[in-house]
Amino acid sequence: MTLPRRYFIKLLGSAVVVRASHCLTSTSAKVRTTSKNATTARKILVAHRGASAYAPEHTLEAYQLALEQGADFVEQDLQITRDSALVCLHDLTLERTTNVREMFPKRFREELVSGSPARRWYVSDFSLEELKQLDAGSWFDTKFKDARIPTFQEAIDLVRGKAGLYPETKAPEVYGGSGFDMERLLLSILKRNRLDQPNANHHTPVIIQSFSPEGLRKLAGTLKTKLPLVLLVSDEAPTSWLTMAGLPKVTRFASGIGPAKALVDKSLVTQAHALGLSVTPYTFRSSNTGRFKTVREEMNYYLYSLGVDAVFTDNPDLFPRAPINPRQSTNNF
Ligand code: G3P
Ligand code: CA
């Protein structure tokens, strides 16, 4: 059974209430404009890999900054270590965002990439203790040299009570091929934290996302989770999920779609909403705003002209809580 969009939005709304009430205790000028009556109608800010425009992605530093910048949800991409720990990292491998080459120079696998050999240091070849030795911040800025790859538990401990969690099962089929069960691991840790049911913790709603329809089907079917599930849809390969024929199929196992922003237009949003599906496009970042002058304008257009429910953004501080000059935004397109 899947949850209708109104339920999903209710969950999202609870996160906003939490964020607002949390912030109301602060002295932020931004927060003084928050109206409790407006919370349920408000759009949802998902901090993509944390506040990853300003701090190294998927570090506690980036998550903490996202909370300070008012995120409703903080996203975690999940990988699995050799000893079955769920950790927060975007890539299956460690070389892009850590100093694994220097720390473990011989622990690579050699692969052919476009006909040329390439060295890859896979997360699943390392124990958690080994991963914790890695510097996960210097690649971004040396001032973050002490940043470490967080476990999902550490992310929960930091975010709980302040915002929602938005874990993504990354490549569950790849991990499945090595004997890991990412979906069960995820639900198990959520259960240990009493976060495995919708409304279990009004301060910390949980939404699970994945590019893997099979993984989501397993979560909804075999594992019977009632948590909201969001199907991510990439623009890098053809897909039928977002068609008139495909969207109704999504409702069988998910309550929302998370398309690449290039795939989103008004028609898609209207069709998805008519089926009860929420729409949360990715990724909005100041470093790539396409035809828009700023990422704030870009998010404004998607949220208030196209009507999406939420966005994934690297720049939580630039999220438009209310429409910015909506007439101008509409007239742009
Ligand atoms: O999960 C939404 C978005 O993050 C999907 O893209 O590659 O950044 O995980 P990616
Ligand atoms: Ca992601």
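How many of the 5 residues of strand E8 (residues 229-233) are buried? In this predicted model, 5 of the 5 are buried, so strand E8 is largely enclosed by the rest of the structure. In a regular strand the side chains alternate between the two faces of the sheet. Both faces of E8 are covered. Leu 229, Leu 231 and Val 233 are buried on one side, and Val 230 and Leu 232 are buried on the other.

The pairing of E8 was examined next. Strand E7 (residues 208-210) pairs with E8 in the parallel sense, over 3 bridges. Within this pair, Val 230 of E8 has Gln 209 standing opposite. Helix H9 (residues 213-220) belongs with E7 and E8 to a right-handed β-α-β unit. Strand E9 (residues 256-259) also pairs with E8 in the parallel sense, here over 4 bridges. The bridge partner of Val 233 in E9 is Pro 259.

Over the protein chain as a whole, 46% of the 333 residues count as buried. The chain has 13 helices and 11 strands. Of its contacts between residues at least 6 apart in sequence, 67% join residues at least 24 apart.

Ligand 1 is surrounded by His 48, Asp 77, His 90, Glu 168, Gln 209, Leu 232, Gly 258, Tyr 282, Thr 283 and Phe 312. By class, the shell around ligand 1 holds 3 nonpolar, 5 polar and 2 charged residues. Among the residues of this shell, Leu 232 is one of the buried residues of E8, and Gln 209 is the residue opposite Val 230. Tyr 282 and Thr 283, also in the shell, are joined by a cis peptide bond with omega of about -20 degrees. Thr 283 lies in the loop between strand E10 (278-279) and helix H12 (295-306).

Ser 84, in the loop between strand E2 (73-80) and strand E3 (86-88), has a phi near 70 degrees, a positive value in a residue other than glycine. With 14 C-beta neighbours inside 10 Å, Ser 84 counts as partly exposed. Ser 114 is not a glycine either, and has a positive phi of about 50 degrees. Its place is in the loop between strand E4 (109-113) and strand E5 (116-120). Ser 114 has 5 other C-beta atoms within 10 Å and is therefore exposed.

Asn 199 is located in the loop between helix H8 (182-192) and E7. This residue has 11 C-beta neighbours inside 10 Å and so counts as exposed. Asn 199 and Leu 227 are 28 residues apart in sequence, and their C-alpha atoms are 9.0 Å apart in space.

Note on methods
Residues numbered from 1 in each chain as written. Chains lettered and ligands numbered in written order. Predicted model: local features only at pLDDT ≥ 70, side-chain atom pairs only at ≥ 80, totals over all residues. Buried ≥ 20, exposed ≤ 12 C-beta atoms within 10 Å, placed from the backbone. Helix = DSSP H or I, 4+ residues; strand = E, 2+ residues; numbered from the N terminus. Pairing = 2+ DSSP bridges. Right-handed = clockwise from strand over helix to strand, strands pointing away. Near = placed C-beta within 6 Å. Nonpolar A, V, L, I, M, F, W, Y, C, P; charged D, E, K, R; others polar. Contact = placed C-beta atoms within 7 Å.
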